[in-house]
Amino acid sequence: MSTALHTFMDIFTADFAIDEETVVQLRKIVIPIIQRDYAQGRTDSDVQRVRKRFLNSLHKAITESNITLDFVYGDIDKDGVMTPLDGQQRLTTLFLLHYYAAKKEGVAKEDYSFLMNFSYETRYSARDFCEYLVDHHEPTFTCALSEEIKDQAWFPLEWKKDPTISSMLVMLDAIADVFKDTDGIWERLKDGAISFYFLPIKDMGLTDELYIKMNSRGKPLTQFEHFKAELEHGLREIDESISKRIMRKIDIDWTDMLWHYRGTDNVIDDEFLRYFRFVCDIICYQSGGTTQGKSNDEFDLQREYFSKDTENVENNILKLESFFDCWCNLGGKTPTEFISQFISYDHEPGKIKIEKRYALDIFEDCMRTYADVSGNGNRSFPLNRIILLFAIVTYLQNKDTVTEDEFARRLRIVNNLIQNSEDEISDSEHRTSGNRMPAILKQVEILILTGTIDTSIEKSLNTFQLQEEVEKIDWVIANPQFAETLYELEDHELLQGQIAIIGLEHPEYFPRFADLFKCKRDLIDCAMMSFGNYAQQEKGWRHQLGSSNTNAKPWRTLFHKSSNKGFDVTKAILAQILDVSSPITDDFLRACADKYVADCEVASTFDIRYYYIKYSLFRPGYYGKYTWESLQDKPYDLAVMITETKWSENTYQPFLKAVDDKRISREHCGQRIIFDDRYLKCENNAYVVRLTANDAEIYRLLISQNESGVDVEDRIIKLRAVYQDILSQQLAPIPVVSDDESEDGNE
């Protein structure tokens, strides 16, 4: 028996030897009862993708270059009837394509009569449908083929329940959709545009058992099996030896390595495909591209990066091999065991610390979530994880030249950079930062391989953090005795790798910072304010201070250098606390705050820091956000925010809230106390009562201030003393002074 190349047309006139003496002409192709139903017309998402790809390949064969499909195996009996053992799905699709071309292009009936020799025995209905379709129906092509066919008198209603017929109707509509604007289909089919290899199998008593073993009735090929077939086909077109090598590794070496991560179905299909997508994305980034707007379909990725028409395809193949092979050579360790040596949720010598929202086993995480999108539209495996996994893979590919100790140190630097480059890490051309992934991966690769940072690479990671890491590399070389103390400081939850708020000049501050933030956050906040107003101004009107609750974000914002104004002031104030000789405890911090309040009361100078420390409502313990029109010129004209970015109904003016929490107006974002027809506001040097109807001022309670514009009386105490009179309108009108007179603060 020999394999021969055939088309769907010529196979019906071909001669085949069924034994040493007998040659028969193939007369008919019959899908046997034991075969499963036609499946390429099913409507589930996986089959839709396979169908779309297959029809696009057939269309390309008709319009561009010929295509040869895989093997069709079958038995031919002495009557010339071929029973397919493998290839039923492809043969059925070719039957439908030839039918469509013949009817669409008005081919003479004698030229397509061979289609009557293709039949199904899975059900009588499927057999009769094929016959009626070819011999009795002339479509008008004015509506969907399936609808027109189902409307024919010869189409019984019960046929709609036949899965093979239903699939054929779906496929006919799909063929019409792909080929509706294509001319000359029949002639191209005659010219051999689509062919396949047919291998006749000598009659060997084909039993039901053999069909079940070879065809797995009812069990369609998995997505992974389809992918492997297309990958193998593409690689074979490039180089037969490469194809054999890669497919052998997929089936043996890589499967053995991935078996540790198999799912509950005891297969590694999904795990392989997710990691394959990761490799393809790295190839894309390293070639200077972006994955934004690209298909995430593994078949599309295979064609883009591993087909004969791909530029640098051999380099891509080597990269694919290396990205999988590197996990197979871990000296007897599983990938999980290897990763656990270098990643932790807590500070451990030789390891990087990551947030608990991420899985420790980043390799497994990649194979479980890569390319998924969460409900809020974010990647389940974000770009920062892609960079970190790339760094690990880069080491594994080069562990003959990079020691484990060197890798641990360099991975720490990568992690520091990632954690402090949130605004820079992007692969979107639509963001201000643009697509930085090509430059970032280049920077990370150099760092892992050489231990150095290339500051000449533009638009990679955070510039300030890059410079800090350069300085720390040199500092650790010069001060190895403090290296582990530095790493422990970097891993503090409020710093996450950036230690600029403390600096390298005083390593004795490193452990004292940890001691400070073991204390109560509210006491830290008050103590720092007692040394100076450490607020940082964001772009515009918001200001950042600390927070008394467990929310780490306010402190991280303060301690990470950004475009905010006042970082150096915050650093200087923090240094004053860290520089004290006393142990840093709650009692020490409380004493600092209490002393400041007491000194203010003795001196009768009540600046904004005094109020902030003395009255807890100035420190509600949320995001540490405040607004000042001008902190320098109008320090008492402020609002306390409860949300992170915008005013809300819960925002409030603290000097009003301290006096009457119930009447403060949520409608006016806490900036007024509302009476029946009046309202009370707080200005920088006075409380003012105005009429609601026309905003006319009717009372002004001036606050005594010194020449520097600092209160010399506690304005909260003063308002409380007269507030009931204001409520009952018992106060005599206070003369309204001019703006110039009111600004000097004198009554």
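**Figure 1. An open sheet of 4 strands runs in the order S11-S12-S13-S14, with antiparallel pairing.** Strand S11 (536–537) and S14 stand at the edges with a single partner strand each, so one side of each is left without a neighbour in the sheet. Strand S12 (residues 542–544) and S13 run antiparallel and are joined by 3 bridges. Gln544 has Lys625 in S13 as its bridge partner. Two strands count as paired if DSSP finds at least two bridges between them. Strands (E, at least two residues) and helices (H or I, at least four residues) are DSSP runs, numbered from the N terminus. Strands of a sheet pair through backbone hydrogen bonds, either parallel or antiparallel.

This is a predicted model: local features need pLDDT of at least 70, side-chain atom pairs count only at pLDDT 80 or more, and totals for chains, interfaces and linings use all residues. Residues are numbered from 1 along each chain as its sequence is written, and side-chain values use heavy atoms, with hydrogens and water left out.

**Figure 2. Strands S5 and S6 form a hairpin with 4 residues between them.** Strand S5 (residues 67–76) pairs with strand S6 (residues 81–86) in the antiparallel sense. Their pairing spans 4 bridges. Tyr73 has Asp86 in S6 as its bridge partner. Which residue of the hairpin takes a positive phi? Gly80 does, near 80 degrees.

**Figure 3. Aromatic rings pair up: the structure holds 56 aromatic pairs.** Rings of Phe, Tyr and Trp (its six-membered ring) pair if their centres lie within 6.5 Å; planes under 30 degrees apart count as stacked, over 60 as edge-to-face and the rest as tilted. Buried means under 20% relative accessible area, exposed over 50%, and partly exposed in between (1.4 Å probe, protein chains only).

**Figure 4. Tyr611 and Tyr636 make an edge-to-face pair.** Their ring centres are 5.9 Å apart and their planes stand at 85 degrees, so the pair counts as edge-to-face. Tyr611 lies in helix H27 (residues 608–614). Tyr636 lies in the loop between strand S13 (625–628) and strand S14 (638–640). The pair therefore ties together parts that are 25 residues apart in sequence. Are these tyrosines buried or exposed? Tyr611 is buried, at 0% relative accessible area, and Tyr636 is buried too, at 1%.

**Figure 5. Two arginines lie over ring faces.** Arg672 lies over the face of Tyr679, 3.9 Å from the ring centre. Arg715 lies over the face of Phe655, at 5.1 Å from the ring centre. A charge sits over a ring if NZ of Lys or CZ of Arg is within 6 Å of the ring centre and within 35 degrees of the ring normal.

**Figure 6. The second largest pocket has a volume of about 2000 Å³.** It is lined by 47 residues. Gln419, Ser421, Glu422, Asp423 and Lys553 lie nearest its centre. Helix H17 (383–397), helix H18 (404–419) and helix H24 (553–559) are the elements that give two or more residues to the lining. H17 gives the largest share, 4 residues. By class, the lining has 9 nonpolar, 20 polar and 18 charged residues. Ala, Val, Leu, Ile, Met, Phe, Trp, Tyr, Cys and Pro count as nonpolar, Asp, Glu, Lys and Arg as charged, and the others, Gly among them, as polar. On a 1 Å grid over the protein atoms alone, a pocket is an open set of points with protein on both sides within 12 Å along at least five of seven lines, while a cavity is a set where a 1.4 Å probe fits but cannot get out; lining residues have an atom within 4 Å of a point.

**Figure 7. The largest cavity has a volume of about 50 Å³.** The structure holds 4 cavities of 30 Å³ or more. In the largest cavity, 14 residues form the lining, and Pro620, Gly621, Tyr622, Gly624 and Tyr626 are the closest to its centre. This lining has 6 nonpolar, 5 polar and 3 charged residues.

**Figure 8. Asn312 has a positive phi although it is not a glycine.** Its phi is about 60 degrees. Asn312 lies in the loop between helix H13 (298–305) and helix H14 (313–325). With a relative accessible area of 48%, Asn312 is partly exposed.

Notes:
Grid points are joined across faces, edges and corners, and a volume is the space filled by probe spheres set on the points.
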